[in-house]
Amino acid sequence: MSSAQQQFYNNNTRPVKLREMHENTIKSIKEMQELERHMFQNLQSINRSAPDASDQEARIRARINELVAIRQSLFGKLKSMYVSTQTHVTKNREDLADQIAVGQTMEQELKNTEQQLEILRAEKMNRLKMVQIGDYEYERYHELKGIMKTVVYGVFVILLFSFLMRQPWMPRTVAIALIAVTAAVTIITVASRLRANLRRNDRDYRKFDQSTSDQFNKVIVPESKEEEDGNGFGFFSCPKPSNKKEDFTIMGGIQPAGSSNNFSFLI
């Protein structure tokens with residue numbers, strides 16, 4: 001018999017059989033007691049003056065002794081059943097205590113595993129944040145490097161035109177105009193890039209925070225009073241929109257006012 005079958009027998013079949021055996025044993029003991037009482041009554045009702053009175057008394061006493069022996073054996077059987085049941089209950093109690101201890105150990109290990117998992121998740125989030133910070137600083141450095149290159153190139157072109165202005169073949173007016181245009185273009189480019197950097201998101205350098213104004217979020221749909229009927233020149237007119245409200249998505253990532261993710265990508 002396998003362990004699963006043994007466990008099923010101990011949990012289901014064995015208690016039923018023990019209960020039936022206990023009930024049958026108690027019933028037999030009661031029957032023995034009734035027979036003994038009946039025999040004692042017969043023993044008391046013997047006629048002492050009868051010639052075979054001593055033989056009858058001997059037979060009845062022998063029968064009573066047999067019933068007593070049977071009843072004592074039934075009591076011994078009942079006692080052995082109680083001892084076996086008590087032993088089984090004690091074993092089950094010990095098994096239950098072991099299972100509770102194992103369950104508590106497993107629960108503690110599960111808690112420790114969850115704590116380790118939370119630590120790993122926190123470590124992963126910290127590393128992810130460090131990577132994001134590194135990307136942010138790299139992109140910000142790249143942008144500042146581009147601004148400085150624009151300034152350097154502008155200054156180089158201005159110095160070049162200043163050098164050419166000293167040449168006799170270069171008209172002074174043209175050189176001054178070119179220097180002014182170069183300076184203006186450099187200043188406007190640097191100023192526009194600095195202004196754009198002020199609007200960048202504080203977590204993702206490639207994103208720009210949008211204005212919270214609703215001037216770009218309002219969508220007005222004109223309603224036509226004419227309905228398309230298919231007659232005459234009705235096909236030149238637009239059909240009358242239904243009364244059902246429609247939702248529109250604004251291109252360019254513009255979010256409604258009050259939205260937390262009010263930024264867009266401008267690459």
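This note sets out numbered points on a predicted model of a single chain.

1. Overall composition. The chain contains three helices and two strands.

2. Burial and surface. The chain has 267 residues, of which buried residues make up 16%. Its accessible surface comes to about 21700 Å², and carbon and sulfur atoms account for 58% of that surface.

3. Contacts across the sequence. Consider the contacts between residues at least 6 apart in sequence: 63% of them join residues at least 24 apart. Several of the points below give individual examples of residues that touch partners elsewhere in the sequence.

4. The largest nonpolar core. Which residues make up the largest nonpolar core? The core has twelve residues in all: Ile29, Met32, Met39, Leu43, Ile46, Ala53, Ile60, Ile64, Leu67, Leu74, Leu78 and Met81. The elements that give two or more residues to this core are α1 and α2, the latter spanning residues 53-165. Helix α2 gives the most, with seven residues.

5. Leu78, a member of the core. Leu78 belongs to the largest nonpolar core. Setting aside residues up to four places away in sequence, Leu78 touches His22, Thr25, Ile26 and Ile29.

6. Thr25 in helix α1. Thr25 is found in helix α1, which covers residues 3-44. Is Thr25 buried or exposed? Its relative accessible area is 3%, and because buried means under 20%, Thr25 counts as buried. Beyond residues up to four places away in sequence, Thr25 touches Leu74, Lys77, Leu78 and Met81.

7. The packing of α2 and α3. Two packed helices are described by the angle between their axes and the distance between the axes. Helix α3 comprises residues 172-198. The angle between α2 and α3 is about 170°, and their axes lie 9 Å apart. Angles over 145 degrees count as roughly antiparallel, so α2 is roughly antiparallel to α3. The residues of this contact divide into 13 nonpolar, eight polar and three charged.

8. Thr186 in helix α3. Thr186 lies in helix α3. With a relative accessibility of 14%, Thr186 counts as buried. Which residues does Thr186 contact, leaving aside its neighbours within four places in sequence? The partners are Thr150, Val151 and Gly154.

9. Asn197 in helix α3. Asn197 also has its place in helix α3. Asn197 has a relative accessible area of 17% and is buried. Apart from residues up to four places away in sequence, Asn197 touches Glu143, Ile147 and Tyr205. Asn197 and Glu143 are 54 residues apart in sequence, yet their C-alpha atoms are 8.6 Å apart in space.

10. Leu144 in helix α2. Leu144 has its place in helix α2. Why does Leu144 count as partly exposed? The reason is its relative accessibility of 38%, because partly exposed residues fall between the limits of 20% for buried and 50% for exposed. Leu144 and Arg193 are 49 residues apart along the chain, and 9.3 Å separates their C-alpha atoms.

Terms used
Residues are numbered from 1 along each chain as its sequence is written. This is a predicted model: local features need pLDDT of at least 70, side-chain atom pairs count only at pLDDT 80 or more; totals for chains, interfaces and linings use all residues. Side-chain values use heavy atoms; hydrogens and water are left out. Helices (H or I, at least four residues) and strands (E, at least two) are DSSP runs, numbered from the N terminus. Buried means under 20% relative accessible area, exposed over 50%, partly exposed in between (1.4 Å probe, protein chains only). Contact means heavy atoms within 4.5 Å. A nonpolar core is a set of buried Ala, Val, Leu, Ile, Met, Phe, Trp, Tyr and Cys residues joined through side-chain atoms within 4.5 Å. Accessible areas come from the Shrake-Rupley method with a 1.4 Å probe; for residues, only the protein chains shown count as cover. Axes are lines fitted to C-alpha atoms, for helices over the stretch in contact, and angles run from 0 to 180 degrees between N-to-C directions. Angles under 35 degrees count as roughly parallel, over 145 as roughly antiparallel, 65 to 115 as roughly perpendicular and the rest as oblique. Ala, Val, Leu, Ile, Met, Phe, Trp, Tyr, Cys and Pro count as nonpolar, Asp, Glu, Lys and Arg as charged, and the others, Gly among them, as polar.
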